[in-house]
Amino acid sequence: MFDGFYKAPPSYDRIHRAVCELGETYPFLRAFPIGKSVLGRSIYALGFGELYRGSLFVGGVHGMEWLTTLLLFRFAEDLLRAMTTGEPLAEIDVARALENRSIVIIPCLNPDGVEISVNGAGSAKHLCEFVEKVSGGDTSRWQANARGIDLNHNFDAGFANVKEMEHAAGICCPAPTRYGGTIPHSEPESLALVNFCRAMNVRQAYAYHSQGEEIYYRYGECTPARSQLMAQVLSAASGYRLAAPEAMASHGGFKDWFIEKLHRPAFTVEIGRGRNPLPVEELEPIYARLLEMLLISILL
């Protein structure tokens, strides 16, 4: 990747440039948008293999959790390099492992939110004044998209439950975090992801967030029986503990929707430990710890 990409927060221009560079360097990579954000920024996917019925990795769901975007770009670049050179990655022959498998990596589902978190309200274009007002002038901990909708509260899974909890917490209008909107999939980002999963018949999904060093894998009675064993394998490979999300985060998320509607395994992985946004210096130690788990995720 171009010099310095992993040493600074990922603005949208840097994300766009990284996608273009990977596509030019590795012509067999399928790099394409699955949709656009509220402000018209492309939501890019990096595809390996035939794409259909593959494993899906999603990062950058929350603006200030942009380290997950860098993590998934780092993983994609290592996969591409290993496939090209034939050298093993964490002692795994990547080219052979992917012979009958496909992967799609969406490094940044919420490009507007990441841009706002990194570069402030001024990057919200015509919504600049709105974001300035909603954030109270401090966008450093912005989670939502450009309309103040938390994407991980906007999916159609227990949506009425999450709305009740939001109201109980006094969150009744657009906010930097935890407001899920008035109806599920109201946002172009969440709708694009739902449509992609259905169109590509995604086999299993991994959503990367920060922080806590935890893995969530359950959602109600539709949780597949094999999910627990898969989660135990992921936990053993990473050292992250299996847990349940706090009440406010227990409905309306992408993992929840994927499990409830598609009846297939899905996982939320909370990377790192500390206060969001995690510093960019944490990327390499987190990646080193999670590389084996990332590779195993493909093979499960």
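Biologist: Is the crossing of α2 and α10 left-handed or right-handed?

Modeller: This is a predicted model, in which local features need pLDDT of at least 70 and side-chain atom pairs count only at pLDDT 80 or more, whereas totals for chains, interfaces and linings use all residues. Residues are numbered from 1 along each chain as its sequence is written, and side-chain values use heavy atoms, with hydrogens and water left out. Helices (H or I, at least four residues) and strands (E, at least two) are DSSP runs numbered from the N terminus, and a crossing is left-handed if the near helix is turned anticlockwise from the far one by less than a right angle, right-handed if clockwise. The crossing of α2 and α10 is right-handed.

Biologist: Which orientation do α2 and α10 have to each other?

Modeller: The axes of helix α2 (residues 67–85) and helix α10 (residues 283–299) come within 10 Å and cross at roughly 60 degrees, the axes being lines fitted to C-alpha atoms over the stretch in contact, with angles from 0 to 180 degrees between N-to-C directions. Angles under 35 degrees count as roughly parallel, over 145 as roughly antiparallel, 65 to 115 as roughly perpendicular and the rest as oblique. The orientation of α2 to α10 is therefore oblique.

Biologist: Where is Glu77 found, and which residues is Glu77 in contact with, leaving aside its neighbours within four places in sequence?

Modeller: Glu77 is found in helix α2. At a relative accessible area of 6%, Glu77 is buried, where buried means under 20%, exposed over 50% and partly exposed in between, computed with a 1.4 Å probe on protein chains only.

Biologist: What covers the buried residues of α4?

Modeller: Seven of the nine residues of helix α4 (residues 111–119) are buried, so this helix is largely enclosed by the rest of the structure. Among the buried ones are Pro111, Val114, Glu115 and Ile116. The cover over them includes α1 (12–25), β2 (42–48), α5 (128–135) and α7 (188–200).

Biologist: How many aromatic pairs does the structure hold?

Modeller: Rings of Phe, Tyr and Trp (its six-membered ring) pair if their centres lie within 6.5 Å, and planes under 30 degrees apart count as stacked, over 60 as edge-to-face and the rest as tilted. The number of aromatic pairs in the structure is eleven.

Biologist: What is the angle between the planes of Phe5 and Tyr6?

Modeller: Phe5 and Tyr6 form an edge-to-face pair, with 5.1 Å centre to centre, and both Phe5 and Tyr6 are buried. The angle between their planes is 75 degrees.

Biologist: How many residues apart in sequence are the parts tied together by the pair of Tyr206 and Phe267?

Modeller: Tyr206 and Phe267 are stacked, at 5.3 Å centre to centre and 15 degrees between the planes. Because Tyr206 lies in strand β5 (residues 204–210) and Phe267 in strand β8 (residues 266–271), the parts that the pair ties together are apart in sequence by 61 residues.

Biologist: Which residues form one aromatic cluster?

Modeller: Tyr206 is buried, with a relative accessible area of 0%, and Phe267 also counts as buried, at 0%. The cluster is formed by Phe57, Phe75, Tyr206 and Phe267.

Biologist: What is omega of the cis peptide bond that joins Ser210 and Gln211?

Modeller: Most residues other than glycine have a negative phi, and most peptide bonds are trans. Gln211 lies in the loop between β5 and β6 (214–216). The bond joining Ser210 and Gln211 is cis, with omega about 10 degrees.

Biologist: What is phi of Ala90?

Modeller: Ala90 is found in the loop between α2 and α3 (94–97) and counts as partly exposed at 41% relative accessibility. Although Ala90 is a residue other than glycine, its phi is positive, near 55 degrees.

Definitions and conventions
Contact means heavy atoms within 4.5 Å.
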